[in-house]
Amino acid sequence: MCCRYFALPIDTPETRADYDDIRWYLCHEDTTVFVEKGDWYLNVKNKCRHLSEKGHKCLIYERRPKICRKYKHADCDFTQGEYDYELHFTNDSQMEEYIRVKFDNNVNEKRMLKKSGARKA
Ligand code: SF4
């Protein structure tokens, strides 16, 4: 959480359809999806309507939501510029390619196993 974006946890995708749903998120402007410590998040880069244009101050500071009160400036990735993501998708094309590699390679692998008569352990 930050005054300039928010990230919500999403279900870990399993099926191709799940990944395609995430691709749909990424079709939208100002969204990214990242994976941190194995958990998936939808990141919406949209500043809070209560952040002032000048001085970047909270215009409802005294009655800001509880989540804002708990948030520590030092935790803000936005200001520190340090990211520790395992995966980070910034557009739908990246997800499309990821799906292709993840699932189509599996299909090829299965075809090869079938041809050779081999079975997975
Ligand atoms: S309410 Fe205030 S502190 Fe909370 S996100 Fe908005 S501007 Fe930031």
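Me: Why is Lys-37 called exposed?
Reply: Count the C-beta atoms around Lys-37. There are 7 others within 10 Å. A residue is exposed at 12 or fewer, buried at 20 or more, and partly exposed in between, with C-beta atoms placed from the backbone. With 7, Lys-37 is therefore exposed. This is a predicted model: local features need pLDDT of at least 70, side-chain atom pairs count only at pLDDT 80 or more, and totals for chains, interfaces and linings use all residues. Numbering starts from 1 along each chain as its sequence is written.

Me: What makes the phi of Lys-37 worth a remark?
Reply: The phi is positive, near 50 degrees, and the residue is not glycine. Most residues other than glycine have a negative phi. Lys-37 sits in the loop between E2 and E3. These strands form a hairpin with two residues between them.

Me: How do you know whether His-56 is buried or exposed?
Reply: His-56 has 10 other C-beta atoms within 10 Å, so it is exposed.

Me: Why is Cys-68 called partly exposed?
Reply: Its count is 16 other C-beta atoms within 10 Å. Cys-68 is found in helix H2. From Cys-58 it is 10 residues away in sequence and 9.9 Å in space, C-alpha to C-alpha.

Me: What share of the protein is buried?
Reply: Buried residues make up 6% of the 121 residues.

Me: How many helices and strands does the protein have?
Reply: Four helices and four strands. Both are DSSP runs numbered from the N terminus: helices are H or I with at least four residues, strands are E with at least two. The elements run β-α-β-β-α-α-β-α from the N terminus on.

Me: How do you know that E1 and E3 pair?
Reply: Two strands pair if DSSP finds at least two bridges between them. E1 and E3 (residues 39–44) have five, in the antiparallel sense. Phe-6 stands opposite Val-44 in E3. E2 and E3 also pair antiparallel, over six bridges. There, Val-44 is the bridge partner of Thr-31. Three bridges join E2 to E4, again antiparallel. Val-35 has Leu-87 in E4 as its bridge partner.

Me: What is the strand order, and which strands stand at the edges?
Reply: The open sheet of four strands has the order E1-E3-E2-E4. E1 (6–10) and E4 (87–89) stand at the edges, because each has a single partner strand. One side of each is left without a neighbour in the sheet. The twist averages 20 degrees from one strand to the next.

Me: How does helix H1 lie on the strands?
Reply: H1 (residues 16–27) lies across E2 (31–36), E3 and E4. It runs at about 135 degrees to E2. Such angles run from 0 to 180 degrees between N-to-C directions, with axes fitted to C-alpha atoms, for helices over the stretch in contact. Contact means C-beta atoms, placed from the backbone, within 7 Å.

Me: Which residues surround the ligand?
Reply: They are Cys-3, Cys-48, His-50, Leu-51, Cys-58, Ile-60, Arg-64, Pro-65 and Cys-68. Each counts as near because its C-beta atom, placed from the backbone, lies within 6 Å.

Me: Where is confidence lowest, and where highest?
Reply: Helix H3 (residues 77–80) is lowest, at a mean of 57, and H1 is highest, at 98. The scale is pLDDT, the predictor's confidence in each residue, from 0 to 100. The protein averages 87, and 80% of the residues score at least 70. Where pLDDT is low, the predicted coordinates should not be read in detail.

Terms used
Contact = placed C-beta atoms within 7 Å.
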